[in-house]
Structures are given as structure tokens and as C-alpha cells.
Number of protein chains: 2
Amino acid sequence: MTEIDKIDRKILSILQGDGRIANVELAERIGLSPTSVGERLKRLQRDGFVEGYGARLNPHRLGLGLLVFVEVMLDKTTPDVFERFAKAIQTSPEVLECHMVAGGFDYLVKARVADMTAYRRFLGETLLALPGVRETRTYAVMEEVKRDAPLPVG
Amino acid sequence: MTEIDKIDRKILSILQGDGRIANVELAERIGLSPTSVGERLKRLQRDGFVEGYGARLNPHRLGLGLLVFVEVMLDKTTPDVFERFAKAIQTSPEVLECHMVAGGFDYLVKARVADMTAYRRFLGETLLALPGVRETRTYAVMEEVKRDAPLPVG
DNA sequence: ACTTTCTCCTGATTTTCTAAGGCAAAACTG
DNA sequence: CAGTTTTGCCTTAGAAAATCAGGAGAAAGT
């Protein structure tokens, strides 16, 4: 039920690289009939291995030229800070990821904006406007060495 | 040639959320014929707005239960450190992202591993084994508040 | 006012998806 | 160990979708 074999992994691997591949071609590459591969894929989706499909967009082409990481420290004396922070983050379109971490700070935020001007506005109007935000440290990305690599399934 | 209109943005937005949507259904949602939408999409791909498609896999289901961020400081006295580091990162399957940042450290690495044991092995055998790595700081993620949100295209 | 280009449409052909039915090997069960 | 069930795969056929060719109408440029 929750175990997957080598063929399943190959399906996931191919699909992670090309989510729009035709089932016929996928079956050819796997070495099974389209029907079998379709059934396996259906199972992989049902069991939660595949959560969905998406187009990979080029952020620079869309005017989002600046990638930043922000370390956020919260003021733990205020109640509900964590809930309120998490909720505000969800509705913020610039924020692509947000993780609560163990270590020197509380949250690590990954955001994409047009440029430094846009970032200053984002920092002031969104992040610092939240109650309970005590301190932030911003790291601007100069070069994306590796971007959104596929998960190792093999 | 490089400008996109409201319809294009809508296509990108829908496709980012569901990369496997049938062109027929996409056209219905847009309010155009399948052919027109297909032509627009082809152009968006040709002009680099769409870089590809991929299945979104559940890392936990694949045994990758631990997400970590690592700040890496390099020893700049050695020549080629940056090139060698970048190259090694590319071939490391645990590393999902790696960015050169401006600020207190040199690289920010995002990696997924099975557990702390696996992370210790990764840290020792991959990261620290690289020549020129002076210091690392690891932040283990306790909770993923927001994961891989779509880019704001609208 | 004329041409060119752009965007979209319709209709026909080809490809792909999906569902039904069957076969053989493996796993259960008494 | 024999009988049954389940599982995984296959082929086939009908439905759906993608793709291509051709053309109409509006906008832009000359």
C-alpha cells in the first residue's frame, strides 16, 4: 500500500522532470503498456506520492529579478505571535517559502521581488508591519547556483 | 515579443497550479478556443516564460523527512574555491537549492535528507569534505509554514 | 486606402486517453 | 497441496484531446 518498487520510482523520476509527458511515451520509456503505467500513476497519486503538477516559470522573465532570504526573529512575549505571523505569510504573494527553524532565529523566509526598491517596500509594509517581529536579517542572492533541483527518488 | 497580456498571465497562473490541465479545459476557463490558447502557450514556452513542467512529489512520502538549511563560509585564500564548490553542489542529490548570497556568509544551501543521521553523513562526507569550506551553520526545519508557493503572475 | 501582420476561429486528421475484458503468475486459505 | 483470490499486465475498441491546415476579421503600419 505504501511501498513503491523500482518501476514506480522511475515513473516518478521521469514525471518530475517532465510532468506533461504523454502516457504513451512514458510507457515506452518504462517498458510497459500505457494502461499499466496509467494504473501505477493513479495509485501513486492516490497514495500521496504525487501531489500535483505545475509549470515551471522563469521568475526573471516575469519581472521578479531579486531573490532574498530573510531571517526573522519574533518577540515571544506577545501571545499568538506564531499564529499571526504564519497567517500573514500565507497571504503574502512575494513569499515563496517560510520555515520555522531551530537555531539562532525563528523563521527563514524566501521571497521574490522585482528589485531592491520593491524589497524595501515588502520589508517595511509586510514583514516589519507584523506585530511581534523583533528583528530581521536580509540576505540578497547574487547568484543562483542550483535552483529547484528534483528530489532524489532513485 | 517579450510582452505578455492579461490572458497570457491567466494561462501561466492556471498552468502553474495545474500543469497537466487539458488544453480544452484551459481554453474553456480562459474563454478562447483551444487552438488560440495552444498557440499562446507555444509562444510562452518559446520565449522562455515556461521552462518546463514537473510533478510535485511529497518528500516525506519518499523518505526525505528532514529539511535543512546550511550557511556555508568559504576560505577565500584558496583559488577556484567558488568554482569547485559550485560544481560539487551540482552533483549532490541531497542539495535542492544553493545560492551565493551577500551578507554574513557565502552560500546558502537547502537540502533534504531522511533524518539527522543522514544529515550528519551528508555534512561530513559531502559539505565538509570540500576543500575551502571554512565554516558551516546548520538550521533544521521544524515546521514548513509555506512550501513552494506559486510565483505571483497576476 | 492598401498591404501586412496578428489573433482568433472552424473543421479534419492524428494521436492519446480511458474503460472493458482476459490471461497468467503470485499470494492466500482451508 | 488444491482451490480461490488477488495482482499485475496485456490487447482491443470507443471517446476525448491535440494538432494541423486554411481562412476570416481586426489592428497596425506604409
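1. Start with the surface near DNA strand C. By class, 3 of its residues are nonpolar, 5 polar and 2 charged. Here Ala, Val, Leu, Ile, Met, Phe, Trp, Tyr, Cys and Pro count as nonpolar; Asp, Glu, Lys and Arg count as charged; the others, Gly among them, count as polar. A residue is near a strand if one of its heavy atoms lies within 4 Å of it.

2. A word on the source. This is a predicted model: local features need pLDDT of at least 70, side-chain atom pairs count only at pLDDT 80 or more, and totals for chains, interfaces and linings use all residues. Residues are numbered from 1 along each chain as its sequence is written, chains are lettered from A and ligands numbered from 1 in the order in which they are written, and side-chain values use heavy atoms, with hydrogens and water left out.

3. Which residues lie around DNA strand C? Chain A gives A:A22, A:N23, A:V24 and A:T35, while chain B gives B:L32, B:S33, B:T35, B:S36, B:E39 and B:R40. Sugar and phosphate make up 71% of the atoms of DNA strand C within 4 Å of the protein. α3(B) gives the most to this surface, with 4 residues. Helices are DSSP runs of H or I with at least four residues, strands are runs of E with at least two, and both are numbered from the N terminus.

4. Now the polar contacts of DNA strand C, meaning pairs of N or O atoms within 3.5 Å. A polar backbone atom of B:S33 is 2.6 Å from a phosphate oxygen. For B:R40, an N or O atom of the side chain is 2.8 Å from a phosphate oxygen. On chain A, a backbone N or O atom of A:V24 lies 3.0 Å from a phosphate oxygen.

5. Turn to DNA strand D. Residues around it include A:L32, A:S33, A:T35, B:A22, B:N23, B:V24 and B:K42. Its surface has 3 nonpolar, 5 polar and 3 charged residues. The largest share, 4 residues, comes from α3(A). Of the atoms of DNA strand D within 4 Å of the protein, 75% belong to sugar or phosphate, and the rest to bases.

6. A base oxygen is 3.2 Å from an N or O atom in the side chain of A:T35. On chain B, a backbone N or O atom of B:V24 lies 2.9 Å from a phosphate oxygen.

7. Next, the two protein chains. In contact (heavy atoms within 4.5 Å) are 65 residues of chain B and 65 residues of chain A. The chains bury about 6100 Å² between them, 56% of it on carbon and sulfur atoms. Buried area is the accessible area (1.4 Å probe) that two parts lose on being put together, summed over both. B:R20, B:R61 and B:K146 supply 13% of the area that chain B buries against chain A, more than any other three residues.

8. Strands pair if DSSP finds at least two bridges between them. In chain B, 7 bridges join β2 (residues 66-74) to β5 (residues 133-146). The bridge partner of B:M73 in β5(B) is B:E135.

Technical notes
A polar contact is a pair of N or O atoms within 3.5 Å; within protein, one must be able to donate a hydrogen and the other to accept it, and residues adjacent in sequence count only if both atoms are side-chain atoms.
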